[in-house]
Amino acid sequence: LQSPRAKKVMRADLLPVKMIEFEKTFDCLQPLGAYFKTESDGTRKLCKVASICVGGAADRDKRIQRGSIVDSILLNSSRLPIKTHLELSKRYSVAAKNKSTLRILFKSPETTVEGHPDEVDRHWSHDGKWVGADLKGWAGGAVDQWHQSTNPQLPKPNVAEDPDKESSGLEVGAEITIPVQDVAAGDAPTGVDRRRSISLGPSKALIIEGRDATTNPANHLARPAPPEDRLRAAVDNGKCKDLIKVLEEGASQDEDVAIRVIGEAYTSTKERICENRTQLGFDPASKALNATAKDLAAKKAVLSIYSNAMVQLEKASTLEHWACFELRILNADFRMVDGNKKPSGVSAKIRLGTLRGATEKLAEIATQPFTEFIVFDSESHPTVRLHNNSFLSMEQRQIQVEFYTQDGKPLCRFQKLVNDVVRPCSSYDVPHTCEIAVDEPNYELKSGELVVEVKRVRLDRA
């Protein structure tokens, strides 16, 4: 049994935490001094502070603590919401390139969160580098243990090169001298600091200091960034020519990962184009902003061409897997919000859409009297024939049934992937039923279900 004291503590933990909102301006020529991660509260994504570097920029404002939420970026009179650490990283990169500041709106618990006294030793080096094991977040512009910083103002490593010849960066085959932890089995004392020259391969992966004196240093010396990370870096911090080079080398060895990363890169580029247009509205003569606009437009075009080519290649390689199905709506169950006025009649449109946004209208259901449970006969709704390829991953199709009230207002939409609807149909002409839950109800509708009948049919080759 729990003691009254334990019960009291439990009830206190369940109380909502009061949050305070405040603004902090950062100089983007320096790291933000915190490690940011994307978390979910069950209903939405949040960009949160996971760790703070002692002595860093974030540490100078004690209102910023572990668990603080990055709510938005303030740009003059505009407010740009931030939902993930990737979005914050992009905003920071733009500000760093323009050598400007970044105004961040935080939300923090009113009570201070106790920190761990050894946090700086476990997660941050003495010179402000992120050395924690967690690499799923963003180090706020600081160097992490495997990647270069996104801050262009940080000092670059010493590169062996011709002193009479200028160089704009690291070249393939260049040598870089860095300190590593050289620990061999039986050596004592451990962690002897030595110098070693390393030749950079085609991936130009930067190899930095070994951190763990108890492991083999080879684990720290040869870890090139995967193709998808190089693609993200080219989109966020490189030029269009860097993006083209990465795409020529391959977006990823895993086809599914390549599809996802290309889609994320395209979405990210469109968001940055919108942000750049907003900034140009305040400073249309800015050479840096105009150059960025041209580069982003070129990146968007390249990603669009590459993505469309991947779609067509996948379609061509899976032609034999197309199949034909017949679908008919049997009934619809509408659960209305109590007290709200019910519509006098409803109509519907049946569409075949794709995850990329394209839609095709298949059929319509004429307006008929509304009841919370409607049974459709074959006369009021004819059978719909559709084609599907379950081997397509980039352009999966989805069935959409949109219901409207008699005056044309949207009531709800039922939506489900065609792959999930037709999965039981392994044999020809054997009908199966499938339930589709409501996807987008309005304030009048709590929930609903649509029952459809589907069967696989043979194509008429005549």
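Modeller: Of the 462 residues of the protein, 42% count as buried, where buried means under 20% relative accessible area, exposed over 50%, and partly exposed in between (1.4 Å probe, protein chains only). The model is predicted, so local features need pLDDT of at least 70 and side-chain atom pairs count only at pLDDT 80 or more, while totals for chains, interfaces and linings use all residues. Residues are numbered from 1 along each chain as its sequence is written, and side-chain values use heavy atoms, with hydrogens and water left out.

The protein has 9 helices and 17 strands; these are DSSP runs numbered from the N terminus, helices being H or I with at least four residues and strands E with at least two.

The part to examine is the largest nonpolar core, which has 35 residues. Such a core is a set of buried Ala, Val, Leu, Ile, Met, Phe, Trp, Tyr and Cys residues joined through side-chain atoms within 4.5 Å. Strand β9, residues 322–336, gives the most to this core, with 7 residues. F334, F403, F414, V421 and L450 have the most contacts inside the core. Contact means heavy atoms within 4.5 Å. Leaving aside residues up to four places away in sequence, L450 touches I329, N331, A332, V401, F403, F414, C434, E435 and I436.

Apart from this core lies another, of 25 residues, with C28, I82, L102 and W138 among them. W138 is also one of the residues that L32 touches, not counting residues up to four places away in sequence. L32 is placed in the loop between β1 (19–27) and β2 (34–40), and is buried, with a relative accessible area of 1%.
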